[in-house]
Amino acid sequence: MTQQYRAYLVGENGVFRSAEAFEALSDEKALAFARQFTRQGNVEVWQLGRKIGLLKQAASGATSGRIVNPSRPS
């Protein structure tokens with residue numbers, strides 16, 4: 001069953017610049033989908049009120065950002 005997620009593009013000042021809503025089967029698949037947005041900056045991935053992780057901006061020419069502090073299931 002898919003779940004609702006949002007990927008937020010984070011500006012230099014820490015304020016969300018834009019958001020993309022999408023569905024994914026798991027947190028891992030949501031993070032993989034959201035990596036495409038790291039070409040534009042850092043991306044926070046959320047599932048409802050739960051932060052899944054922060055993807056750092058991809059280096060020039062890179063195809064994916066790295067995950068920082070992903071949340072761990074309790």
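Modeller: This is a predicted model. Let us begin with Ala59, in the loop between strand 4 and strand 5.

Biologist: Why is Ala59 called exposed?

Modeller: The relative accessibility of Ala59 is 53%. Exposed means over 50%, so Ala59 counts as exposed. The C-alpha atom of Ala59 lies 8.8 Å from that of Thr38, although the two are 21 residues apart in sequence.

Biologist: Why is Phe37 called buried?

Modeller: Phe37 has a relative accessible area of 18%. Buried means under 20%, and therefore Phe37 is buried. Its place is in the loop between helix 1 and strand 3. Leaving aside neighbours within four places in sequence, Phe37 is in contact with Ala7, Leu9, Glu20 and Val43. Its C-alpha atom is separated by 8.8 Å from that of Ala58, which is 21 residues away along the chain.

Biologist: How many aromatic pairs does a search of the whole structure find?

Modeller: The search finds four aromatic pairs.

Biologist: Why is the pair of Phe22 and Phe33 called tilted?

Modeller: Their ring centres are 4.5 Å apart, and rings pair if their centres lie within 6.5 Å. Their planes stand at 35 degrees. Planes under 30 degrees apart count as stacked and those over 60 as edge-to-face, with the rest tilted; the pair is therefore tilted. This pair links distant parts of the chain, with Phe22 in strand 2 and Phe33 in helix 1, eleven residues apart.

Biologist: What makes the pair of Phe33 and Phe37 edge-to-face?

Modeller: The centres of these two rings are 5.9 Å apart and their planes are at 75 degrees. Edge-to-face applies over 60 degrees, so the pair of Phe33 and Phe37 is edge-to-face. Phe33 and Phe37 also belong to one aromatic cluster with Tyr5 and Phe22.

Biologist: Which members of the largest nonpolar core touch the most other members?

Modeller: Tyr5, Phe22, Ala34, Val43 and Val45 do so, in a core of 13 residues. Strand 1, strand 2, helix 1, strand 3 and strand 4 each give two or more residues to this core. Beyond its neighbours within four places in sequence, Val43 is in contact with residues including Ala7, Ala34, Phe37 and Leu54.

Biologist: How do you know that strand 3 and strand 4 pair?

Modeller: Two strands pair if at least two bridges are found between them. Strand 3 and strand 4 have five bridges, in the antiparallel sense. Trp46 stands opposite Lys51 in strand 4. The hairpin of these strands has two residues between them, and Leu48 takes a positive phi near 55 degrees there.

Biologist: How many helices and strands are there, and in what order do the elements run?

Modeller: The protein has one helix and five strands, and from the N terminus on they run β-β-α-β-β-β.

Biologist: What share of the residues is buried?

Modeller: Buried residues make up 35% of the 74 residues. The protein exposes about 5000 Å², of which carbon and sulfur atoms supply 49%.

Terms used. Residues are numbered from 1 along each chain as its sequence is written. This is a predicted model: local features need pLDDT of at least 70, side-chain atom pairs count only at pLDDT 80 or more; totals for chains, interfaces and linings use all residues. Side-chain values use heavy atoms; hydrogens and water are left out. A nonpolar core is a set of buried Ala, Val, Leu, Ile, Met, Phe, Trp, Tyr and Cys residues joined through side-chain atoms within 4.5 Å. Buried means under 20% relative accessible area, exposed over 50%, partly exposed in between (1.4 Å probe, protein chains only). Helices (H or I, at least four residues) and strands (E, at least two) are DSSP runs, numbered from the N terminus. Contact means heavy atoms within 4.5 Å. Accessible areas come from the Shrake-Rupley method with a 1.4 Å probe; for residues, only the protein chains shown count as cover. Rings of Phe, Tyr and Trp (its six-membered ring) pair if their centres lie within 6.5 Å; planes under 30 degrees apart count as stacked, over 60 as edge-to-face and the rest as tilted.
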